Amino acid sequence: MSDQPAVRAEGISRTFGEVKALDGMDLVVQRGQVVGLLGPNGAGKTTMVRILSTLLKPTAGHAEVAGFDVVKQANQVRRMIGLTGQYAAVDEYLTGRENLRMFGDLFHLTPGYVKARSEELLTSFDLDDAADRPVRTYSGGMRRRLDLAASLIARPEILFLDEPTTGLDPRSRLGMWQVINDLVADGTTVLLTTQYLEEADQLAQDIVVIDHGHVIAHGSAEQLKDQIGGDRIEVTLHDAAGAERAARALESVISGHPLIEDNKVSAPVSGGSMVLVGAIRALDLEQVEITDIMLRRPTLDDVFMSLTGHLAESETQRPEPTRRRGARRR
Amino acid sequence: MSAITVGHPVALRRPIYGWALHDGFVVARRNLIQTLRVPELLFFSLVQPVIFVLLFAYVFGGAIPIPGDGASSADAANAYRQYLMPGIFGQTVAFAAAASTVGLAEDMSRGIIDRFRALPMSPSAVLLGRTFADAVRQILVLTVLSITGLLVGWRINNGLFSALLAYALLLFFAYTVAWVGAWIGLSVPNPETANTAGLVWLFPLTFLSNAFVPISSMPDWLQPIAAYNPISTLVLATRELFGNPTGIQPHYWSLDHAALYTLISCAVLIGIFAPLAVRKYRNATAR
């Protein structure tokens, strides 16, 4: 039991009418691990989490959570997991404390335990002062914290976090990261989805990059960065036209495709810091005026770009299956 | 945010009445708290039946004669008010179904339903809780209606015990239609549709009955439909239990055994719509 992985999924596919949300997805999460599912909107992250948390049945494939089949043993799976989705899944009209009590009761825990655990969670998540106010008076960050607290009422071994910080301000996001790190230190297994590369880098030991419903890369942040090779040069210009000219001027210096974003151009290079000298010389020869130039280690953005040919943030490239969130009816 | 240090969860022992009722009660408590947190909604759900009482008592009342009871009452309009109140009661509890429709459709469109589904709770609990809370809310509605009725001249003539039976029958009917409403709420795509779909079927149902006019005043072909409409038998049984005028009844088995027919109808309707609704809810889970 304990040497079983927390999550094992093989060849999971899921279609919504014509749309293939997942297409042969494999995933293994070892116990105590934090795995980040990284991908742009519409990549299939949420669908995967919904299948693993028994909310959705796969069209094909097989998945086990804590050793239980997510389709045939859904109720056993539900006892082992906590789920926090993209939208706060708490009752708007109930107070924070009433919400926690309700979910604890529905988890079939004793009133004494539910009460003690609720108090502890409210304190841990800085919700003491708001505990007796209806949730509709809460800020976005408070709702998310209460939502996470509700997921933790029964001390789940495995926690699914679907974009836990989407829509939060930077301060709330840092707070959420701290909470997640505390949980992991406590031994909780976490599978989190995110479209923020920085978030995956910060929280997850193991990153699974998905696009179009299947895994396109897998490894630690460092491994993924190594996968696309060495350093990158990044040049900032006055305007976009300057960036175009700079990209042409740098052709002889760089060792891959340049990426132009507004007034910035970046490209992989090889050869250490001497590359900078060559780059500046080349730019000077073409009389390109620059405002900044630097050499840096690749970020996960670069990883994503080189793996998929598009940026993680460019969400509008592919139409999202329209019923992604509303897809649970019928 | 400090580290979390709590003992292991302690599981509750299975109650003798089973998890479905336990979970249903927890959800009903949530639905009733919601009602208290939105007093405006409660207020307007009380205003509507009160307006009906006043409209029918004073606007239509004089124009609708109650055959057979004109002699026993000095004032035809007063007789109509006696006749009217159980009709309003029946109509009001039937319209409670719309609240179940809208409430469930709203639940289904919100994130909280995902949490319910990811919990190891009974799959029928959300529906049990909803229907139960919607029926309980009718206690308050019936109280306000009864007071209004007393103010316009309606009277309980058959003693307290019969009156309590009448109220119990009304509440059981409210619980029954709540299941029909729940099923509709799970069948519509969104809360906006639920607002309309939850009401349309209730108008023909309540008006094709003896709630406001005697069945004997309807065309012959319509009379059997009205006679076997459970609203008619509910209202008739309630009139009998309150000791209010019933008018002259055409002879149909349902009308001759009004209370029994109402109970059978309720049992059959719950027997049909509760499993249908639970299956819809489960399949929604599987989507």
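User: How far apart are the axes of helix α2 and helix α5 of chain B?
Analyst: Heads-up: this is a predicted model, where local features need pLDDT of at least 70 and side-chain atom pairs count only at pLDDT 80 or more, while totals for chains, interfaces and linings use all residues. Residues are numbered from 1 along each chain as its sequence is written, with chains lettered from A and ligands numbered from 1 in the order written. Helices here are DSSP runs of H or I with at least four residues, and strands are E runs of at least two, numbered from the N terminus. Helix α2 (residues 39-60) and helix α5 (residues 125-151) of chain B pack at about 30°, and their axes (lines fitted to C-alpha atoms over the stretch in contact; angles run from 0 to 180 degrees between N-to-C directions) sit apart by 10 Å.

User: Are α2(B) and α5(B) roughly parallel or roughly antiparallel?
Analyst: The angle between α2(B) and α5(B) is about 30°. Under 35 degrees counts as roughly parallel, over 145 as roughly antiparallel, 65 to 115 as roughly perpendicular and the rest as oblique. So α2(B) and α5(B) are roughly parallel.

User: How many nonpolar residues are in the contact of α2(B) with α5(B)?
Analyst: α2(B) brings B:Ser45, B:Leu46, B:Pro49, B:Val50 and B:Val53, and α5(B) brings B:Val141, B:Val144, B:Leu145, B:Thr148 and B:Gly149 (contact: C-beta atoms, placed from the backbone, within 7 Å). By class (nonpolar: Ala, Val, Leu, Ile, Met, Phe, Trp, Tyr, Cys, Pro; charged: Asp, Glu, Lys, Arg; polar: the others, Gly among them), none are charged, three are polar, and the nonpolar count is seven.

User: Which element gives the most to the side of chain A that touches chain B?
Analyst: Across the chains, 46 residues of A contact 34 of B. That side of chain A splits into 22 nonpolar, nine polar and 15 charged residues. Elements giving two or more residues include α2 (74-80), α4 (111-124) and α6 (170-185) of chain A, but the top giver, with five residues, is α3(A).

User: Which residue takes a positive phi near 60° in the hairpin of β1(A) and β2(A)?
Analyst: β1 (residues 7-16) and β2 (residues 19-29) of chain A pair antiparallel over seven bridges (pairing takes at least two DSSP bridges). A:Ala9 faces A:Leu27 in β2(A). Two residues lie between the strands, and the one with that phi is A:Gly17.

User: Which residue stands opposite A:Val7 in β4(A)?
Analyst: β1(A) also runs antiparallel to β4 (residues 60-65) of chain A, over five bridges. There A:Arg8 sits opposite A:Glu64, and A:Val7 is opposite A:Val65.

How values were computed
Two residues are in contact if their C-beta atoms, placed from the backbone, lie within 7 Å.
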